[in-house]
Amino acid sequence: MSERGALRTRLDLLAREVAKFGVVGAMGLLVNMGAFNLIRHTTDLPVVRASLLATFIAVLFNYVGYRYWTYRERDKTGRTRELTLFLLFSAVGAVIENGVLYLATYGFDWNSPVQSNVFKILGIGLATLFRFWSYRTWVFKTLPPEEAPPPAERFLEQRRPSETVEPDPVRN
């Protein structure tokens, strides 16, 4: 395969990965925002605490989607390590996501329902960039490439034992 063809293949694989990550993330966004608004309007929890709880619910939802769909071909041998790193990087993402909401709510006093939703979505967007990088780099590790098959010429050179040709005594 040419260098250009290899680059094209890698870009195609990355595009599929980003699309799958985006689908799971979009569903996680719906879970996160639905839980956030449900908690916010049915309880007396402050905005950022309601957001943290909703983020936690979405993180659990997303793990299942990422593990069993987006990154299903990736290494599955170290589940404890994988889950630990996933939760660690998700916590950092939660700090990014809810830090934006905290700053808007308590730093600028922008805490109407519309403002809270806008800044929560903005925080989710920033945290998603970090999560994509960290999950694909550290959490869902790629498997080592399988041993490359021998070139086609080698196949033609190989013969089965039943196909070996005895030397012709008349010609020698």
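Me: Does N32 count as buried or exposed, and at what relative accessibility?
Reply: N32 counts as buried, because its relative accessibility is 4%, and the cut-off for buried is under 20%. Bear in mind that this is a predicted model.

Me: OK, where is N32 found, and what does it touch?
Reply: N32 is found in helix α1, residues 3-42. Leaving out residues up to four places away in sequence, N32 touches A54, T55, A58, E97, K120 and I124. With E97 there is a side-chain polar contact of 3.1 Å.

Me: Switching to charges: how many salt bridges does the structure hold?
Reply: Seven. One of them pairs R136 with E17, at 2.8 Å from N to O. R136 sits in helix α4 and E17 in α1, so the pair ties together parts 119 residues apart in sequence.

Me: And which residues are networked with E17?
Reply: R74 and R136 are linked with E17 in a network of salt bridges.

Me: What about E82, which residues does it bridge to?
Reply: E82 forms a salt bridge with R67, with the closest N and O atoms 2.4 Å apart. E82 also forms one with R79, at 4.0 Å. E82 is buried at 1% relative accessible area and R67 is buried at 0%, whereas R79 is partly exposed at 31%.

Technical notes. Residues are numbered from 1 along each chain as its sequence is written. This is a predicted model: local features need pLDDT of at least 70, side-chain atom pairs count only at pLDDT 80 or more; totals for chains, interfaces and linings use all residues. Side-chain values use heavy atoms; hydrogens and water are left out. Helices (H or I, at least four residues) and strands (E, at least two) are DSSP runs, numbered from the N terminus. Buried means under 20% relative accessible area, exposed over 50%, partly exposed in between (1.4 Å probe, protein chains only). A polar contact is a pair of N or O atoms within 3.5 Å; within protein, one must be able to donate a hydrogen and the other to accept it, and residues adjacent in sequence count only if both atoms are side-chain atoms. Contact means heavy atoms within 4.5 Å. A salt bridge is a side-chain nitrogen of Lys or Arg within 4 Å of a carboxyl oxygen of Asp or Glu.
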